[in-house]
Amino acid sequence: MSTPSTPHSGAAGTEKFNTVAPDLGSGEGWDKLGLAELMRLRFSDSGALYSPHADVNINGALFGGQLIGQAIAAASHGISDRWAHSVQVSFLAPGQPGEEMHYQVRTLMQGRSFQVQQVLGTQGARTVISATVSFQTEEPSPEHQRAMPDAPPPESLRTLQEVGAAYADRIPAAAARRLGQSRAAELRLVDPEAFLFRREPEARLRFWVKLQRDLPDDPVLQRAAIGYLSDYWMPLTPLMAHLEAKIGTGLYLASLNHTLWLHRAPRVDDWLLVDAQSPFSGNARGLTTGHFYQRDGTLLATATQECMFRGWVEDGQGGFRVPGMPAR
């Protein structure tokens with residue numbers, strides 16, 4: 001999702017939709033496909049970490065998943081004996097394409113088993129994100145996990161492009177086009193009809209997601225990739241309870257804060273099942289919790305995210321509608 005900014009609308013034929021498919025633009029030097037290049041940070045002449053690339057979302061700002069993943073990569077620099085297990089991010093200002101993202105890292109605590117790093121992501125004098133990343137050495141202990149819910153295998157499900165084509169006569173043409181514009185990751189909805197046409201009182205959204213290109217066998221990069229994916233489509237979950245169609249609504253969506261827990265060393269070279277549910281929405285905010293599973297049922301990570309949803313219109317009957325939906 002984007003970081004908060006002032007909502008705006010496009011000209012005719014370029015409507016702004018609340019899709020979280022982020023790959024609508026990029027900076028020079030990144031082909032929109034290889035996540036390894038997007039997550040790779042460089043050193044400036046002064047020794048500071050920075051990224052020249054931009055994964056631009058539908059709001060015209062840097063995609064939040066890029067910022068989360070790069071914060072993990074920055075915090076991990078120079079640490080080899082322990083691994084990131086939790087990330088807490090506040091999105092403070094919209095990241096601007098065309099400007100380098102610089103990352104300042106400070107150690108807040110270093111113990112025998114744990115280490116906490118603070119990361120500030122900046123563009124000039126503007127602080128875009130503030131992140132706290134906690135690291136731990138591995139140690140044995142008893143284990144349990146939440147069971148993976150039943151879901152059809154991803155190969156049996158339609159691609160987003162196929163979903164858009166199948167329902168082209170029932171959804172706006174621009175919304176159908178948006179469904180097929182993701183490049184860095186491929187997503188397949190477990191129940192596309194629920195996403196497009198039904199309200200779900202449980203506010204639950206399930207989908208499979210997979211990177212388009214395999215990543216190198218680099219533990220830091222694998223963790224950064226989970227950070228990237230943890231902001232991908234999951235923030236739409238609160239809308240499941242309130243709207244039939246979750247895209248083409250005219251609402252303005254922006255990420256406010258995000259927490260990611262990495263339970264095990266992740267591998268993101270295959271499909272991951274995301275089981276997301278929203279326990280609350282109100283006051284123009286929505287909260288989502290999502291669990292990320294490997295095919296074999298292993299729980300890799302859990303994420304929570306709070307987003308802003310602006311643009312609701314009171315319908316005069318004690319309810320709300322959205323700008324993209326005509327009054328009944």
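1. Strand β3 contributes the most to the lining of the largest pocket, giving three residues; strands here are DSSP runs of E with at least two residues, and helices are runs of H or I with at least four residues, both numbered from the N terminus. This is a predicted model, in which local features need pLDDT of at least 70 and side-chain atom pairs count only at pLDDT 80 or more, while totals for chains, interfaces and linings use all residues. Residues are numbered from 1 along each chain as its sequence is written, and side-chain values use heavy atoms, with hydrogens and water left out.

2. The largest pocket has a volume of about 650 Å³, a pocket being an open set of points on a 1 Å grid over the protein atoms alone, with protein on both sides within 12 Å along at least five of seven lines, and lining residues having an atom within 4 Å of a point. Of its 21 lining residues, the closest to the centre are Q136, E143, L262, H263 and R264. The elements that give two or more residues to this lining are β3 (83-91) and β9 (252-262), and the lining residues divide into eight nonpolar, seven polar and six charged.

3. The structure also holds two cavities of 30 Å³ or more, a cavity being a set of grid points where a 1.4 Å probe fits but cannot get out. The second largest cavity has about 30 Å³ of space and is lined by S76, I79, R82, W83, A84, F135, V220 and R223. Both β3 and α6 supply at least two residues each to this lining, whose residues divide into five nonpolar, one polar and two charged.

4. Which backbone angle deserves a check at W233? Phi of W233 is near 70°, a positive value in a residue other than glycine. W233 lies in the loop between α6 (219-229) and β9, and W233 is buried, with a relative accessible area of 0%, where buried means under 20%, exposed over 50% and partly exposed in between, for a 1.4 Å probe and protein chains only.

5. N283 likewise has a positive phi, of about 55°, although N283 is not a glycine. N283 is found in the loop between β10 (272-282) and β11 (285-293), and at 67% relative accessibility N283 counts as exposed.

6. M109 lies in strand β4 (residues 101-110) and is partly exposed, with a relative accessible area of 37%.

Definitions and conventions
Grid points are joined across faces, edges and corners, and a volume is the space filled by probe spheres set on the points. Ala, Val, Leu, Ile, Met, Phe, Trp, Tyr, Cys and Pro count as nonpolar, Asp, Glu, Lys and Arg as charged, and the others, Gly among them, as polar.
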